[in-house]
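The following explanation leads the reader through selected features of a single protein chain. Please keep the sequence and the model in view while reading.

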Amino acid sequence: MTTIPVLTIDGPSGAGKGTVSRAIARQLGWHYLDSGSIYRSLAIGCLQADLDLNNIEAVCQVAETMQLSFDCGETLQVKLNGQDITPLLGTEQVGNTASIVAAYPAVRALLLQKQKDFQQLPGLVADGRDMGSVVFPDAQFKVYLTASAEERASRRYKQLIEKGIDANLDQITLEIQERDQRDQQRATAPLMIPEGAQVIDSSSLSIQQVIDQVINLVH
Ligand code: C5P
């Protein structure tokens with residue numbers, strides 16, 4: 001049996017995982033799984049249905065029935081039940097809602113196979129919170145990419161301002177800290193350094209320096 005190689009890149013939001021993972025997948029010619037976008041798509045499904053997020057059964061129903069399709073071209077395009085939801089994926093409301101529904105063990109169990117299915121030849125770069133610990137525990141290469149909450153908030157703030165979106169740095173820092181706490185303290189698949197992962201702190205590194213370090217690991 002051939003083992004299809006997997007590189008997992010886990011870490012808190014805003015550490016640069018998405019940019020780094022996409023660049024590495026492109027460089028290696030491997031597939032790319034942005035697992036956060038699966039939880040974000042579920043969040044959009046729940047928001048569009050105007051669900052009570054405390055109603056676990058209703059959230060599970062959306063997770064079970066949603067049809068997702070990913071198009072990983074130059075940028076990631078996601079369709080939810082045929083509707084292009086790409087422009088909605090990056091909003092703070094969707095990110096925060098994703099972190100609420102992602103805390104339900106039943107939801108995570110329902111979405112597990114969808115993520116495993118991405119492991120295809122010639123290889124996979126998987127980006128998320130529990131890629132190296134739960135979804136691909138046998139991955140050959142594991143990275144935990146982090147940065148201080150202040151640095152991550154300031155990067156996010158700059159991104160928003162560049163896009164012409166009004167933003168408040170204190171508010172973003174607070175939301176990042178709250179999201180970290182929720183992701184780290186949940187009972188199922190909490191954000192943690194997976195066994196065997198190499199930790200990279202990107203606070204004072206450029207994106208290119210991080211990419212180089214990860215590529216070295218794979219080679
Ligand atoms: O990575 P991203 O910011 O898109 O993820 C949004 C939310 O989805 C995270 O805050 C986290 O709660 C959840 N998530 C998760 N497990 C993953 C990826 C994302 O619980 N593997």
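**Accessibility, helix packing and an aromatic pair**

Gln185 counts as exposed, because its relative accessibility is 62% and the threshold for that class is over 50%. The model under discussion is predicted. Gln185 belongs to helix H8, which covers residues 169-185. Between Gln185 and Thr91 there are 94 residues of separation in sequence, and their C-alpha atoms are 23 Å apart in space.

Attention may now turn to the packing of two helices. Such an arrangement is described by the angle between the helix axes and by the distance between those axes. For helix H2 (residues 35-48) and helix H5 (residues 105-116), the angle is about 130° and the axes are 11 Å apart. H2 is therefore oblique to H5. The crossing in which H2 passes H5 is right-handed. On the H2 side, the contact involves Ser35, Ile38, Tyr39 and Leu42, which meet Val107, Arg108, Leu111 and Gln115 of H5. Sorted by class, the residues in this contact comprise five nonpolar, two polar and one charged.

The structure holds one aromatic pair. Its members are Phe70 and Phe118, in an edge-to-face arrangement with 5.7 Å from centre to centre and 75° between the planes. Distant parts of the chain are linked by this pair: Phe70 lies in strand S3 (residues 68-72), whereas Phe118 lies in the loop between H5 and strand S6 (124-128), 48 residues apart. Phe70 counts as partly exposed because its relative accessibility is 26%, a value between the limits of 20% for buried and 50% for exposed.

Methods. Residues are numbered from 1 along each chain as its sequence is written. This is a predicted model: local features need pLDDT of at least 70, side-chain atom pairs count only at pLDDT 80 or more; totals for chains, interfaces and linings use all residues. Side-chain values use heavy atoms; hydrogens and water are left out. Axes are lines fitted to C-alpha atoms, for helices over the stretch in contact, and angles run from 0 to 180 degrees between N-to-C directions. Helices (H or I, at least four residues) and strands (E, at least two) are DSSP runs, numbered from the N terminus. Angles under 35 degrees count as roughly parallel, over 145 as roughly antiparallel, 65 to 115 as roughly perpendicular and the rest as oblique. A crossing is left-handed if the near helix is turned anticlockwise from the far one by less than a right angle, and right-handed if clockwise. Contact means heavy atoms within 4.5 Å. Ala, Val, Leu, Ile, Met, Phe, Trp, Tyr, Cys and Pro count as nonpolar, Asp, Glu, Lys and Arg as charged, and the others, Gly among them, as polar. Rings of Phe, Tyr and Trp (its six-membered ring) pair if their centres lie within 6.5 Å; planes under 30 degrees apart count as stacked, over 60 as edge-to-face and the rest as tilted. Buried means under 20% relative accessible area, exposed over 50%, partly exposed in between (1.4 Å probe, protein chains only).
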